[in-house]
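The questions below take a reader through one structure, step by step.

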Amino acid sequence: MSPSYALIASVLLGLVVAQTPGKTPEVHPKLTTWKCTNKGGCTSQKTALVLDSMSHPISQKSNSSLGCGNWGSAADKVACPDEATCAKNCIMDGISNYADYGVTTNGGNLLMKMFGKNGVASPRIYLLAEGEKKYELLKLTGNELTFDVDVSKLPCGMNGALYLSEMEEAGGQSKLNPGGAAYGTGYCDAQCFVTPWVNGLGNIKGEGVCCNELDIWEANKRSTQLAPHTCSKPGLYRCTGTECGAAGVCDKNGCGNNPYGNGEKGYYGAGLKVDTSKPFTVVTQFPAKDGVLQEIVRKYVQNGKVIENAAINVTGPINDAYCAKNGAKTFMDLGAMKGMGESMSRGMVLAMSIWWDEGGFMKWLDSGNAGPCNATEGDPKVIQTIEKDPAVVFSQIKWGEIGSTFGAKKNHWNRAE
């Protein structure tokens, strides 16, 4: 996510995670997705969702009132002197009712709410393949991804995100992490956060957890951004010291594309060209030449019409020239489009989340040069006076050959309600 995503740590403080599954069963919400070809059309898949392991109920085996570590730090030194002892001492229960955590599904529709049964939930979930034991690995170089979204209940300061992370297919499943992907383990991204666990193992040394990240969609009702983030290391990488920072192994800022920031202030928003008061389709294409990613193409479909990306006639396509011109030096230095495409070809995991930014009010997304919101509208206290139940709907998630996943026709959505 954006560098400001680090501030979500303030929401996650106190949440902990563990390796050994407990007695409560894990019951994944089912979500229909589609794989498409131009010749054969779209074929449905019986995929499912899993909450990030750090959202699961945790306790130490010897004392159920204690956890095993906090977001932003290494695993608890007493419970986790080493990886093997950590796995024995820390119990992670399954989640049998995802609605309590703000996540519900119906066929191909996913509703994510900021609030759950016990207050702020801010769920982050990953797509599981059929069988629900491994993550679905999307390989999008030379292909496209399409989904419908309803952001009408995401005011300034909110972020409903859909993105890709180069996590391992099995979520780091091992003898010490038997739950693996089925319990939401193995998260990583380009921000290289320190968490109590790395691939489901106790993070004894307090290392950062890094990997390539492609932010396909970060948005609310007022503004949106697309941003690929490259890393110089393939797959999940444990960073230390300066490797974790702004001049380290991963690009924190990304090569961003924001319609408002590109000068199209009448393009995206309620009642505008892409009318965010109503659902619409987001199309992201990744054309390649000889297996090398060339650019990222964004289109929208609404009211039966295909809408080309904003300011393309001014900025040109989202490619290396665009990124270099717009100051994405770290992205270029750490692999550029070629490197991003190599990660996509190895396979990336689809993640979705809804969150707010207690420390920075999401100003990087929707305020100043990035959007029409003022400096304080993104304060969570203000958000709740505008929208008491922030929510986002993602639906009709499809991927496959370019041109196979969408058309200029009327769509049908379930709204965020």
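Contact here means heavy atoms within 4.5 Å. The model is predicted.

Q: Which residues does E136 touch, not counting residues up to four places away in sequence?
A: E136 sits in the loop that runs between β10 (124-128) and β11 (137-138). Neighbours up to four places away in sequence are not counted. What remains on the list for E136 is K35, Q45, T47, L127, L128, A129, E130, M348, V349, L350 and W399.

Q: Is E136 buried or exposed?
A: Buried means under 20% relative accessible area, and exposed means over 50%. The relative accessible area of E136 is 6%. E136 is therefore buried.

Q: What distance separates the C-alpha atoms of E136 and A48?
A: Along the chain, E136 and A48 are 88 residues apart.

Q: Which residues is M352 in contact with, leaving aside its neighbours within four places in sequence?
A: M352 is among the residues with the most contacts inside the largest nonpolar core. With its neighbours within four places in sequence left aside, M352 is in contact with L49, L110, M112, P123, R124, I125, A161, L162, F394 and I397.

Q: What is phi of S122?
A: Most residues other than glycine have a negative phi. S122, in the loop between β9 (119-120) and β10, is not a glycine, yet its phi is positive. At 8% relative accessibility, S122 counts as buried. Its phi is near 45°.

Q: What is phi of N199?
A: N199 lies in the loop between β14 (197-198) and β15 (201-202). It is buried, with a relative accessible area of 13%. Although N199 is not a glycine, its phi is positive, at about 55°.

Q: How many disulfides does the structure hold?
A: Among them are the link of C68 and C90, the link of C80 and C86, and the link of C156 and C373. In total, the structure holds nine.

Q: How many residues apart in sequence are the parts that C68 and C90 tie together?
A: The sulfur atoms of C68 and C90 are 2.1 Å apart. C68 lies in the loop between β4 (58-60) and α2 (83-89), while C90 lies in strand β5 (residues 90-92). The pair therefore ties together parts whose separation in sequence is 22 residues.

Q: Is the disulfide of C80 and C86 left-handed or right-handed?
A: C80 is buried at 3% relative accessible area, and C86 is buried at 0%. The torsion about their S-S bond is about 55°. The disulfide of C80 and C86 is therefore right-handed.

Q: Is the link of C156 and C373 left-handed or right-handed?
A: The sulfur atoms of C156 and C373 are 2.0 Å apart. The angle about the S-S bond is -80°. The link of C156 and C373 is left-handed.

Technical notes:
Residues numbered from 1 in each chain as written. Predicted model: local features only at pLDDT ≥ 70, side-chain atom pairs only at ≥ 80, totals over all residues. Heavy atoms only, no water. Core = buried A, V, L, I, M, F, W, Y, C linked by side-chain atoms within 4.5 Å. Buried < 20%, exposed > 50% of the residue type's maximum accessible area, 1.4 Å probe, protein only. Helix = DSSP H or I, 4+ residues; strand = E, 2+ residues; numbered from the N terminus. Disulfide = S-S within 2.5 Å.
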